[in-house]
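Reader: Please walk me through this model, starting with the ligand. Keep it brisk.

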Amino acid sequence: MSDDFSDINALHWQFDLLGSIEVGITVLDRDFNVLVWNQFMENNSGILPSQIKYKNLFEFFPEIDKEWFLVKTEPVLNLKSPAFIIWEQRPYLFKFDTSRPITSASDFMYQNVTLFPLTSLEGVVEQICIVVYDVTDEALNKKGIESLNQQLKQISRVDGLTGVFNRRYWEEKFALEHKRILRNGSPASVLMLDIDHFKKVNDTHGHPAGDYIIKTLASVVMQSIRETDVAGRYGGEEFAVLLPETNAENSLIVAERIRENCEKLLPVYEGIDIPFTVSVGVAEFDSSYIDHMGWLEKADQALYTSKKAGRNKVSKF
Ligand SMILES: Nc1nc2c(ncn2[C@@H]2O[C@H](COP(=O)(O)OP(=O)(O)OP(=O)(O)O)[C@@H](O)[C@H]2O)c(=O)[nH]1
């Protein structure tokens, strides 16, 4: 009698434990009818155990992809091996609101889920137990760090003044593209651009006005090239542009377009007109350019030719 009583007692506190534990626990039969629904599941779903008990899980949670869930539970039921669902794979199994304040970056609870078999005394799997862990904080932290890393990466690649790639990153991309071109022999060209008499802009209108002209040139360049082209700020008022899949003829058209757009544009800084022109050098890739910097050097030489010829010009190496 006293043994029976202590068994009942143990069962009672075990049920209490199940209720107060800060993880979700539910037990399903082989047809996915709910047998156990603990306090955590009730609190987060708003569904009472009396409402869901002996009912099919999928009726209450249509967001669970039934086909996928059957595949996931198959080894649990038939091979007695547990299965895991991590939030990186699937953010949640049950769509619960997050209990975090409204400022939280997520409006649902991220979950790690364990599915394991419950066997009868005969060793037959008759039920499946689902344990749901709330990992919202961990997930948001990780996502926050990832996005911060992404931002840092972006900052380290981009020139702060103009938003185009900085020299270091541009050269990295240029070197990679050069390798690819050496291998497949596809046409490509590179441009070097430099603002004419830029020192005069600074001297006459001041450094901030000079910065404004540099930014203006960057936006002219970006508007004049394709998405697959790669523009970078190479020096103070000097830009480099890589034009993949572009032969000399077509790259001269692009260079001329940039030169003309700059000439036509009349930037106004603090009420003062500051016209400017650019000189451009163009060099098409040649298989003898084994070194990428040797290729760029050709564009620089062509730029020098444009400067010597009176500026506001495009020259081809
Ligand atoms: N405002 C501003 N000026 C810069 C920046 N970087 C470099 N410069 C200036 O750009 C000027 C470049 O002058 P130079 O290289 O002599 O050439 P230039 O006056 O453009 O003459 P040419 O290139 O021969 O037509 C210098 O006065 C630099 O101080 C920058 O970020 N902002």
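Reader: Which element gives the most to the shell around the ligand?

Author: This is a predicted model: local features need pLDDT of at least 70, side-chain atom pairs count only at pLDDT 80 or more, and totals for chains, interfaces and linings use all residues. Residues are numbered from 1 along each chain as its sequence is written. In all, 15 residues surround the ligand (C-beta atom, placed from the backbone, within 6 Å). With four residues, the top contributor is α9.

Reader: How do α9 and α10 pack: roughly parallel, roughly antiparallel, roughly perpendicular or oblique?

Author: Helix α9 (residues 207-224) and helix α10 (residues 248-264) have axes 10 Å apart, at about 140 degrees. Axes are lines fitted to C-alpha atoms over the stretch in contact, and angles run from 0 to 180 degrees between N-to-C directions. Under 35 degrees counts as roughly parallel, over 145 as roughly antiparallel, 65 to 115 as roughly perpendicular and the rest as oblique. Therefore α9 is, relative to α10, oblique.

Reader: Which residue of β5 is the bridge partner of Ile25?

Author: Helices (H or I, at least four residues) and strands (E, at least two) are DSSP runs, numbered from the N terminus. Strands β1 (residues 24-29) and β5 (residues 125-134) run antiparallel, joined by six bridges. In β5, Ile25 has as its bridge partner Val131.

Reader: What is the order of the strands in the open sheet?

Author: Two strands pair if DSSP finds at least two bridges between them. Here the pairing is antiparallel. The edge strands, β2 (34-37) and β3 (83-85), each pair on one side only. The five strands run in the order β2-β1-β5-β4-β3.
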